[in-house]
Every structure is written in C-alpha cells, then in structure tokens.
Amino acid sequence: MHWNGMFASLPLISYWEYTRDEFDGKTYELLDGLNAWSHCFLEDINGQLVDFNRKNPDEEHEGQKVKNPQIGLSLIKRVAQVQLSMASYYNRTAPDYIIDIVNRLSPFNNDSNVWTSYKDASVRDSDNFAMYPLWPS
C-alpha cells in the first residue's frame, strides 16, 4: 500500500488531538478519503483485512515481498481510529468502513510483548530489519 497520504495526515491528527480544531471539517474529510481508499485496497482474507496486493506488493528491501508491513498496519489503524474518535466527538455517524477497518484489520505480527515483525520474517532473511520494538501505548 502507498502511505504518503497517511504520513501527511499525521501533523493534522496531532493538531486535532491537542486542540479539537479540525480546520472547518477538512481534517475529517481527509481522513475519510484515506480510510475509504484503505478499505478498498485491503484484501479480505478469512475475515481479516490484510495489507497485501499480489500485483504490486510492498517490499522491505528490493525483492523481499512483505505481507502486512507493520508501518502500514499502524498507519491504517491510527487514521481509522482517529476518524472514529472525531466522529464521536462531533456527533457524526462514522462510515461503516471505518468500523470495519478498526474491527477487522490484521493484527500486529508479534510473538512476544517486546518485538513485532512482518509475517514470517526472520532476522537472517531481512538484513536485521525484520524486527521492530513495541512500546506500551
């Protein structure tokens, strides 16, 4: 998945979280567009929304296809949860696809409380970039 829009939305999300000012609805509309796009892009596999495109998959490094990259999952989840919070705060009805993303997005790939990785990653196969530390949140 391409995450440029989600990265670009992070300063607006931070601003809204601190001020509750959404620039005359523009932040909500931006997040809504990003979430609508994400929901269309994500693939439904066995009831989970998965970030993997068989035609143009993400890669950790060139030639290393990545299913459910952690950066993608975290950005998708963050943007969806914030729009859901904004809808609640402004007494709006959140679109069904937001709730669907929040409830069915593939979980982080972690076998411990400390590290996460993309699915089936190993340090040997990925030049030590497979593992990402998790901080309590």
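The legends below describe close-up views of a predicted model.

**View A. Packing of helix 2 against helix 4.** In this predicted model, helix 2 spans residues 26-41 and helix 4 spans residues 96-104. Their axes lie 9 Å apart and meet at an angle of about 60°. The crossing of helix 2 and helix 4 is left-handed. From helix 2, the residues in contact are D32, N35, A36, S38 and H39; from helix 4, they are Y97, I98, D100 and I101. Sorted by class, this contact between helix 2 and helix 4 comprises four nonpolar, three polar and two charged residues.

View B. In the pair shown here, the ring centres of W37 and F41 are 5.1 Å apart and the ring planes stand at 15°, so W37 and F41 are stacked; planes under 30 degrees apart count as stacked.

**View C. The aromatic cluster of W16, Y89 and Y90.** W16, Y89 and Y90 together make up one aromatic cluster. Within this group, Y89 and Y90 form an edge-to-face pair, with 4.9 Å from centre to centre and 90° between the planes. Y89 is partly exposed, at a relative accessible area of 44%. Y90 is also classed as partly exposed, at 26% relative accessibility.

**View D. The charged end of R92 over the ring of Y28.** This view centres on one arginine and one tyrosine, R92 and Y28. The charged end of R92 is placed 4.2 Å from the centre of the Y28 ring and sits over that ring.

**View E. M6 of helix 1 and its position relative to G72.** M6 is part of helix 1, which covers residues 4-19. With a relative accessible area of 2%, M6 is buried, because buried means under 20% relative accessible area. M6 and G72 are separated by 66 residues in sequence. In space, the two residues are 9.2 Å apart, taken from C-alpha to C-alpha.

Methods. Residues are numbered from 1 along each chain as its sequence is written. This is a predicted model: local features need pLDDT of at least 70, side-chain atom pairs count only at pLDDT 80 or more; totals for chains, interfaces and linings use all residues. Side-chain values use heavy atoms; hydrogens and water are left out. Axes are lines fitted to C-alpha atoms, for helices over the stretch in contact, and angles run from 0 to 180 degrees between N-to-C directions. Helices (H or I, at least four residues) and strands (E, at least two) are DSSP runs, numbered from the N terminus. A crossing is left-handed if the near helix is turned anticlockwise from the far one by less than a right angle, and right-handed if clockwise. Contact means heavy atoms within 4.5 Å. Ala, Val, Leu, Ile, Met, Phe, Trp, Tyr, Cys and Pro count as nonpolar, Asp, Glu, Lys and Arg as charged, and the others, Gly among them, as polar. Rings of Phe, Tyr and Trp (its six-membered ring) pair if their centres lie within 6.5 Å; planes under 30 degrees apart count as stacked, over 60 as edge-to-face and the rest as tilted. Buried means under 20% relative accessible area, exposed over 50%, partly exposed in between (1.4 Å probe, protein chains only). A charge sits over a ring if NZ of Lys or CZ of Arg is within 6 Å of the ring centre and within 35 degrees of the ring normal.
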